[in-house]
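Morning, everyone. I have one structure to walk through today, and I will keep to side chains and what they touch.

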Amino acid sequence: MSQLLMNMAAFVATPFITIYLGKNLRFSPAEVGTIVSAMMVSGRLLQILTGPVADRVGGHSMMIAGLLLRAAGFAGFAFLTGWWELLFMTLLAGVGDALYEPSVNGTFAAQPAEIRPRVFMLRNQFLNIGVVIGPMLGAALVGYGIRAPFLSAAACFVALCVLLAVVGPLVESPERRPSVLENYRAALRHRPFLAFWGVMVLWWMLFSQLFVSLPVKALEIGGSERWVSTVFLVNGVIGTLAILLVHRLNERLPVHRSLLVGIVLAGLGLGFVPLFPAMGWLLVCVLIYTLGESITQPCADVMVAGFADARTGATFFGLYSGSYALGVTLGNYLGSWLVLRLTGAGPWLVYGAIGALGALGVTLYNRRFIDAARAERALAHP
């Protein structure tokens, strides 16, 4: 439930930041882009630092601090109008995200292995529900003024903070907490984790096209911005409904095999886009991509959690955010360049090729680090 409130609060306000900055405050495109990018950069890259710290000092206190900073950041958008002031508020909200995310992921990673896939599957479902409900609630609140979504988001973060403070830590504190340096050493010497980190950069390049190339294609085919909203609506709804498919897939296949299926589906969804220049077909491709995303995201989280022990979950998730930051940055630049410079099937063939490379990378990873390890154990214990 806490993840639902967190995601809903974020999506109540986030879709309106660009509109508020550009149309209401009349900032230049460069100023708007800087503020929007600052939240992503601070929220993701700082997790490389905050993850090991959370394992050292305790994730519960980090989550509360992160929620308070996010509340302050979004509330600042309702009361401040200067560019430097709003940039500071954006960084504040980003730092709050960097404190919260690796801490909550570390909490999930500390759950028993037999329920961990379901935990991350539910987390992903709540994310999709937030994507659907948040913007709808925000659109209703805008009727009371453009600042209403920001104040509502801040109130949700404060309410969630109070809830966590009342409930208390969700996992028992280990007898000994490793130092920050020991946390880094554990992750950076973990060869399977580092290999997985690199392979997943290709996935994040595909993921970024949901926000870059697919909206551009929807506008090109449909001729109206409402079709852009439809792309995100289909993504959110299908992602929410796909939980049963993901659950059954994980019952039949090990997580690392399910991950491969997810990346293949996402690559096919993007690669099939140019087959038919019709909006209905584009939405079918979004559906296929979303099924792949709904499988890939929780499976990747389960694998990252499997690299860590009960004391280092936040560290591994914090460093894993670097894979996201690199992949999304590359995907944003590549996608923007492709859709502006190439026409026809060109961009989508590139995305299909990235999906194929990602699937190949996961296959090689599985053979090198999972299948080989199982064979060694079988030889050691015949």
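Let me start with a question: which residues does Phe196 touch, not counting residues up to four places away in sequence? The answer is Leu259, Ala300, Met303, Val304, Phe307, Tyr320 and Tyr365. Before going further, please keep in mind that this is a predicted model.

Phe196 matters for my next point, which is the core. The largest nonpolar core has 97 residues, and Leu21 and Phe196 are the members that touch the most others in it. Helix H15 supplies the largest share of this core, with 14 residues. As background, nonpolar side chains in soluble globular proteins tend to be buried together.

Now the aromatic rings. There are 23 aromatic pairs in the structure. Take Trp203 and Tyr289: their rings are stacked, with 6.3 Å from centre to centre and 15° between the planes. This pair joins distant parts of the chain, since Trp203 sits in helix H10, residues 191-207, and Tyr289 sits in helix H15, residues 279-307. The two are 86 residues apart. Are they buried or exposed? Trp203 has a relative accessibility of 1%, so it counts as buried. Tyr289 also comes out at 1%, and it counts as buried.

A second pair has another geometry. The ring centres of Phe276 and Trp281 are 5.2 Å apart and the planes meet at 80°, so this pair is edge-to-face. Phe276 is partly exposed, with a relative accessible area of 48%. Trp281 is partly exposed too, at 22%.

Arg44 lies over the face of Tyr324, 3.8 Å from the ring centre. Arg368 does likewise with Phe369, at 4.8 Å from the ring centre.

Where is Ser323 found? It is in helix H16, which covers residues 313-341. Its relative accessibility is 0%, so Ser323 counts as buried. Setting aside neighbours within four places in sequence, Ser323 is in contact with Trp197, Met200, Val201 and Trp204. For Met200, the separation from Ser323 is 123 residues in sequence, yet the C-alpha atoms are 6.6 Å apart in space. With Trp197 there is a specific reach to describe: the side chain of Ser323 comes to 2.9 Å from the backbone oxygen of Trp197.

A word on cysteines. How many disulfides does the count give? It comes to zero. For anyone new to the term, a disulfide is a covalent bond between the sulfur atoms of two cysteines. Two of the cysteines I looked at are Cys285, which is buried with a relative accessible area of 2%, and Cys299, which is buried at 1%.

Last, an item from the backbone. Most residues other than glycine have a negative phi. Arg26 is not a glycine, yet its phi is positive, at about 60°. Where is Arg26 found? It is in the loop between helix H2, 17-24, and helix H3, 29-45. Arg26 is exposed, with a relative accessible area of 70%.

That is my list. I will take questions now.

Notes
Residues are numbered from 1 along each chain as its sequence is written. Side-chain values use heavy atoms; hydrogens and water are left out. A disulfide is a pair of cysteine sulfur atoms within 2.5 Å. Buried means under 20% relative accessible area, exposed over 50%, partly exposed in between (1.4 Å probe, protein chains only). Rings of Phe, Tyr and Trp (its six-membered ring) pair if their centres lie within 6.5 Å; planes under 30 degrees apart count as stacked, over 60 as edge-to-face and the rest as tilted. Helices (H or I, at least four residues) and strands (E, at least two) are DSSP runs, numbered from the N terminus. A charge sits over a ring if NZ of Lys or CZ of Arg is within 6 Å of the ring centre and within 35 degrees of the ring normal. Contact means heavy atoms within 4.5 Å. A polar contact is a pair of N or O atoms within 3.5 Å; within protein, one must be able to donate a hydrogen and the other to accept it, and residues adjacent in sequence count only if both atoms are side-chain atoms. A nonpolar core is a set of buried Ala, Val, Leu, Ile, Met, Phe, Trp, Tyr and Cys residues joined through side-chain atoms within 4.5 Å.
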